[in-house]
Amino acid sequence: MKPGMIQATDAFERIVHWVMAISCIILFVTGLGMMFHSLNFIGTMTGGLKSLKFIHNWTALVFGFSLIFAISMWWKEAGVIEIPEDLEWVKCAGGYLWHVEHPPESGKYNPGQKMFFIAVALCGPLMVVTGLLMMFQILPMGLTRWMYTLHAVGFVTLFAFFFVHVYLGTIGNPGSFQAMTTGWVTRGWARKQHPKWIREMEEHGTLVVYGEEKKPSAHGHG
Amino acid sequence: MNKQPELVKLIDTTLCTACRGCQVACKQWNELPGFRTKQLGTYQNPPDLQWNTWTLIRFQEYEDKAGNFQWIFRKDGCMHCTDAACVKVCPSGALFYTEFGTVGLKEDLCIGCKNCVAACPFEVPRYNGEKDRITKCDLCHTRLQAGRQPACVLSCPTGALTIGRKDMMLKAAEKRVKELGGDANVYGDKFVGGTHVLYVLSEKPEVYDALPKSPSVPLSILVWRDFLKPVSLLAAGGILVGSFLHYLIKGPKLPYDDAGTGKKEGGE
């Protein structure tokens with residue numbers, strides 16, 4: 001952290017993020033071990049496929065709780081699509097895929113990030129609910145069967161988005177990863193990635209700059 | 001695997017007297033405990049298949065359109081599908097196709113996920129919560145391997161249960177249906193790739209309790225296993241390759257120079 005850096009996330013946000021990330025990865029790995037016979041060896045490493053089932057089911061509990069915090073603290077910032085500016089951004093893919101002279105300026109979260117959040121906010125609870133109904137088969141069998149299908153739909157979505165998220169959060173956008181480690185980003189990164197966000201914070205006086213005396217920002221979970 | 005001939009058990013419901021010898025023999029050979037049950041006004045006992053009851057005679061009072069009363073007995077249990085939904089969804093390989101074409105169960109491999117409980121169109125596998133495992137009839141796999149008949153077949157005093165090579169049993173079933181005439185039919189050879197348990201039914205299949213008219217591997221299971229499963233890997237693989245190409249072709253989105261005036265530094 002150097003003087004002049006900007007606070008992007010608070011510690012609570014980062015903790016929730018990593019609890020969710022790690023539990024999600026464990027769920028992916030254990031789930032894949034049960035999904036493909038060729039990956040059954042993952043179960044061997046944990047002392048049998050049955051242990052894998054237990055790890056999967058109990059990790060889901062952690063994932064479920066992190067999800068509650070994640071959705072309640074981020075939905076206002078990342079869950080609300082603003083028309084028309086977000087639509088403009090989507091039309092040019094935010095300048096990520098082809099050359100765009102002036103892609104629409106993003107606020108704290110760009111529409112791509114919002115889509116990722118919405119995917120997690122929808123598929124996450126879907127995974128928890130369908131998973132529970134697969135464990136406790138209280139619905140008629142005809143419906144229970146579709147829980148497996150929906151669980152797989154959620155997995156396809158989350159698994160694909162996961163890799164997009166990892167790429168764009170690391171080497172795809174240098175400087176972004178720190179937002180989830182130290183929580184501080186450079187001013188240059190913020191101006192490039194989220195110019196509207198930094199402008200709004202300056203206007204509202206909520207910008208927190210490292211090394212400067214100022215009250216903490218009011219963003220984040222409420 | 002298939003050095004052995006495919007075996008089929010034929011259940012001729014018209015010869016069954018509901019003595020339930022097969023039910024007892026099954027419990028005895030497979031060392032399945034009995035639990036106290038309630039008298040529900042029927043000889044059908046226990047009321048349904050359970051983890052400790054792999055075969056069950058279903059008692060059904062039936063009156064046809066002409067007003068003829070009939071007491072129907074049907075031995076229920078695993079049908080040993082050729083295209084078995086339970087084997088398709090089993091994550092551990094506990095459920096498997098045996099050398100006889102039947103569906104076996106390696107109980108020690110079962111992780112109690114209950115995928116098969118949901119998938120089976122006949123609702124045969126049952127969950128044992130105490131052991132966290134499922135159980136079902138394996139057509140006495142070890143007895144077949146020793147060249148002996150399944151316990152139920154051995155116990156049957158009327159010849160309602162027989163076992164033999166698939167082609168021969170099919171022929172025998174068709175011959176019997178012809179003899180019976182009327183609504184009599186062979187049940188089991190026309191779906192899920194043909195089952196390794198065949199019924200000779202005296203009435204149309206829809207007449208019987210808990211017997212699906214035309215069972216199949218459920219659509220939800222097919223979408224899950226045959227479509228979404230490969231798609232999950234293809235989608236993630238596509239994203240990985242796409243990201244790599246994006247990095248090479250378009251390059252990362254670099255931040256502005258921190259100290260600078262806001263001039264672009266390359267990248268978008």
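## The β2–β3 hairpin of chain B

In the hairpin formed by β2(B) and β3(B), five residues lie between the strands, and B:Gly67 there takes a positive phi near 90°. Strand β2 of chain B covers residues 56-63 and strand β3 of chain B covers residues 69-76; the two run antiparallel and are joined by eight bridges. Strands count as paired if DSSP finds at least two bridges between them. B:Arg58 has B:Arg74 in β3(B) as its bridge partner.

## Basis of the model

This is a predicted model, in which local features need pLDDT of at least 70 and side-chain atom pairs count only at pLDDT 80 or more, while totals for chains, interfaces and linings use all residues. Residues are numbered from 1 along each chain as its sequence is written, and chains are lettered from A and ligands numbered from 1 in the order in which they are written.

The predictor gives the complex a pTM of 0.92 and an ipTM of 0.91. For chain B the mean pLDDT (the predictor's confidence in each residue, from 0 to 100) is 94, with 96% of residues at 70 or more. Residues 261-268 of chain B have pLDDT below 50, and this stretch has 13 contacts in the model beyond near neighbours in sequence. Two residues are in contact if their C-beta atoms, placed from the backbone, lie within 7 Å.

## Fold and dimensions of chain B

Chain B has seven helices and 10 strands, taken as DSSP runs (helices H or I, at least four residues; strands E, at least two) and numbered from the N terminus. Its domains, with bounds from an automatic or database domain assignment, are domain 1 (7-215) and domain 2 (218-268). Over C-alpha atoms, the centres of domain 1 of chain B and domain 2 of chain B are 50 Å apart.

The C-alpha atoms of chain B fill a box of roughly 95 × 45 × 40 Å along the principal axes. Among contacts in chain B with a separation of 6 or more, 58% are between residues 24 or more positions apart.

## Interface with chain A

In the complex, 34 residues of chain B are in contact with 36 residues of chain A. On the side of chain B that touches chain A, α3 (115-119) and α7 (219-249) of chain B each supply at least two residues. The largest share, 14 residues, comes from α7(B).

This side of chain B comprises 21 nonpolar, six polar and seven charged residues. Here Ala, Val, Leu, Ile, Met, Phe, Trp, Tyr, Cys and Pro count as nonpolar, Asp, Glu, Lys and Arg as charged, and the others, Gly among them, as polar.
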